[in-house]
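Here are my notes from going through this one, jotted down point by point. Have the viewer open while you read.

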Amino acid sequence: MEKTWAISGVDLHLDLSRAATGPGTGTGTGTGTGTTAVGAGERGVRAALTDALREAVRSGRLAPGTRLPSSRTLAVDLGLARNTVAEAYGELVAEGWLTARQGSGTRVASRTAPPRPAPAHRRATPPRTPPPPVHDLRCGPCDVSSFPRAAWLSAARRAITAVPHEAFGYGDGRGRPELREALAGYLARARGVRTTPERVVLCAGFSQGLALLGRVLRQRGVKTMGVESYGLWVHRGIAERAGLRTDPLTVDGHGARVAELDDEARRNVRSVLLTPAHQFPTGVPLHPDRRAAVADWAARTGGLIVEDDYDGEFRYDRQPVGALQGLAPEHVVYCGTASKSLAPGLRLAWLVLPEHLVADVLDLRRSGEWGMGVLDQLTLAEFINSGGYDRHVRAMRLHYRRRRDELVSALARQAPHIRVTGIAAGLHAVLELPPGTEQATIQAAAWRGLAIEGLSRFRHDAAGPSVPSPVPDGRDGLLVAYGTPAKHAFAGALETLIDVLPPAPAPTP
């Protein structure tokens, strides 16, 4: 007789192979894939089912509140009589493992585990540590609470409705052509990038793009990548894991000293990673003379510049600094991302490649380990083409500028001795501190519930993400990310920040 399959309910995997055995019972087996229990008496199978359910709840595999299949559905899945399942459910309800209510079905009961005594060696009073932060002014994501949910959802609906079926296949290794075309137009208009859609490669975040480039460079025989002496340790780590040594270029008030690339000791450096529009973390743009100089270096030596334009849209006091790529399209890889303009959780970034790199990057993409989804690509393309992206960026630029102005005004009133730099663009400012005061200020802030970072954390010679540089250079400072705190909490965060800053020096008699 053909088996009847249940198509409603939830899937539940149960192993009944441990059914009691003995005279007249045999051994029962069953799984959520429909394997039929065989050779087991009714009582033996019911005991096995009861034990399997009890163990699934006890072990935590079935969490409290989980709704179980109906007795009819589970009986069909396991090839048992419905009464056998109903009786097993009833026994476990009586024991308190399950609950059953009319109209709500059978669920795993909530159970409070008894407190476990701490081991003797842990019962001593732990050392005092700062409390969890109440305010967080550390650099990181943009204001994700301002993500344009309604506009994004509308763009997604339009994109999915209009896209051809083939868009949901594996597709081009460069990413969806709709987004590559939209980005080529937007980047030319807004950032001065010179490209075609064929030279745009989409990535699951800037980190993936940098890892791709690092692997390609290493395959081409490049061994060293120049980096800025202040920068994000994550990016240095990605380059190093790709097999590249990182060689720091000094950063001053005009950005990276790119003339150091011509030093005799760096004659083997053939790639350099820069943040020319808004150096991270110091906040200065690369001086025009240095932009021209590094483009000339790349042309003379056949070197490659990797341009990280992580927040190029957010400039407040003058016209945006255009992309360095516009000076030397065949020697610059332009790297952009939606992480600051929209949200890092989208994992959307793009590389604009010189023509000679496209084939190598695509060959590496075809290895299968660098994939990404298409739905958000399609949505961003529609968001750009409809004008929604421009509107959102302009609104966020105004929002962040107001936050920056609030920070600068509060410091001017209450801590005028603290110099604020890097405020022309981006989502953070740099507060210059007296030499030797950075770590003490960070600790004082932590005890007041304020999480904040110092400049030394981002030096090339720092030991890691939570370890400041062991080499002082007289540049003590704090990075203040003003974009992320909630509106109601920003004033309190600023008040705490100002309270922990070093006092003004005593006047000279």
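The points below go from the whole chain to the helix pairs, the strands and a few single residues.

1. **Overall picture.** Keep in mind that this is a predicted model. The protein chain holds 13 helices and 17 strands. Out of its 509 residues, 49% count as buried. If you take contacts between residues at least 6 apart in sequence, 72% of them join residues at least 24 apart.

2. **α11 against α13.** Two packed helices are described by the angle between their axes and the distance between the axes. Helix α11 (residues 388-414) packs on helix α13 (residues 487-500) at about 30 degrees, and the axes are 11 Å apart. With the cut-off for roughly parallel at angles under 35 degrees, that makes α11 roughly parallel to α13. The crossing of α11 past α13 is right-handed. On the α11 side, look for Arg403, Glu406, Leu407, Ala410, Leu411 and Gln414; they meet Lys487, Phe490, Leu494, Leu497 and Ile498 of α13. Sorted by type, the residues of this α11 and α13 contact come out as 7 nonpolar, 1 polar and 3 charged.

3. **α2 against α3.** Helix α2 (residues 71-78) and helix α3 (residues 82-95) have axes 8 Å apart and pack at an angle of about 120 degrees. The two helices, α2 and α3, are therefore oblique to each other. Their crossing is right-handed. From α2, the contact takes in Ser71, Arg72, Leu74 and Ala75, while α3 supplies Arg82, Val85, Ala86 and Tyr89.

4. **α4 against α10.** For helix α4 (residues 149-162) and helix α10 (residues 375-385), the axes come within 8 Å and cross at roughly 105 degrees. Since 65 to 115 degrees counts as roughly perpendicular, α4 and α10 get that label. The α4 residues in the contact are Ala151, Trp152, Ala155, Ala156, Arg158, Ala159 and Ile160, and those of α10 are Leu375, Asp376, Leu378, Thr379, Leu380, Glu382 and Phe383. By type, the contact of α4 with α10 has 10 nonpolar, 1 polar and 3 charged residues.

5. **Strand β11.** Is strand β11 (residues 332-337) buried or exposed? Here 6 of the 6 residues are buried, so β11 is largely enclosed by the rest of the structure. In a regular strand the side chains alternate between the two faces of the sheet. In β11 both faces are covered, with Val332, Tyr334 and Gly336 buried on one side and Val333, Cys335 and Thr337 buried on the other.

6. **Neighbours of β11.** Strand β10 (residues 304-308) pairs with β11 in the parallel sense, over 4 bridges. Within that pairing, Asp308 stands opposite Cys335 of β11. Strand β12 (residues 349-352) pairs with β11 as well, in the antiparallel sense and over 4 bridges. Thr337 has Ala349 in β12 as its bridge partner.

7. **The four-stranded sheet.** An open sheet of 4 strands runs in the order β13-β14-β17-β16, and its pairing is antiparallel. The edges are β13 (419-421) and β16 (453-454); each has a single partner strand, so one side of each is left without a neighbour in the sheet. The partner strand β14 (residues 428-432) pairs with β13 over 3 bridges, in the antiparallel sense. Arg419 is bridged to Glu432 in β14.

8. **Backbone details to check.** Phe280 and Pro281 are joined by a cis peptide bond, with omega at about 10 degrees. Pro281 sits in the loop between β9 (271-274) and α8 (288-301). Then there's Arg347, which is not a glycine but has a positive phi of about 50 degrees. Arg347 belongs to the loop between β11 and β12. Its relative accessibility is 37%, so Arg347 counts as partly exposed.

9. **Gln219 and Asp360.** Gln219 lies in helix α6 (residues 206-219). With 56% relative accessibility, Gln219 counts as exposed. Which distance separates Gln219 and Asp360 in space, C-alpha to C-alpha? The answer is 9.2 Å, for two residues 141 apart in sequence.

Conventions
Residues are numbered from 1 along each chain as its sequence is written. This is a predicted model: local features need pLDDT of at least 70, side-chain atom pairs count only at pLDDT 80 or more; totals for chains, interfaces and linings use all residues. Side-chain values use heavy atoms; hydrogens and water are left out. Axes are lines fitted to C-alpha atoms, for helices over the stretch in contact, and angles run from 0 to 180 degrees between N-to-C directions. Angles under 35 degrees count as roughly parallel, over 145 as roughly antiparallel, 65 to 115 as roughly perpendicular and the rest as oblique. A crossing is left-handed if the near helix is turned anticlockwise from the far one by less than a right angle, and right-handed if clockwise. Contact means heavy atoms within 4.5 Å. Ala, Val, Leu, Ile, Met, Phe, Trp, Tyr, Cys and Pro count as nonpolar, Asp, Glu, Lys and Arg as charged, and the others, Gly among them, as polar. Buried means under 20% relative accessible area, exposed over 50%, partly exposed in between (1.4 Å probe, protein chains only). Two strands pair if DSSP finds at least two bridges between them.
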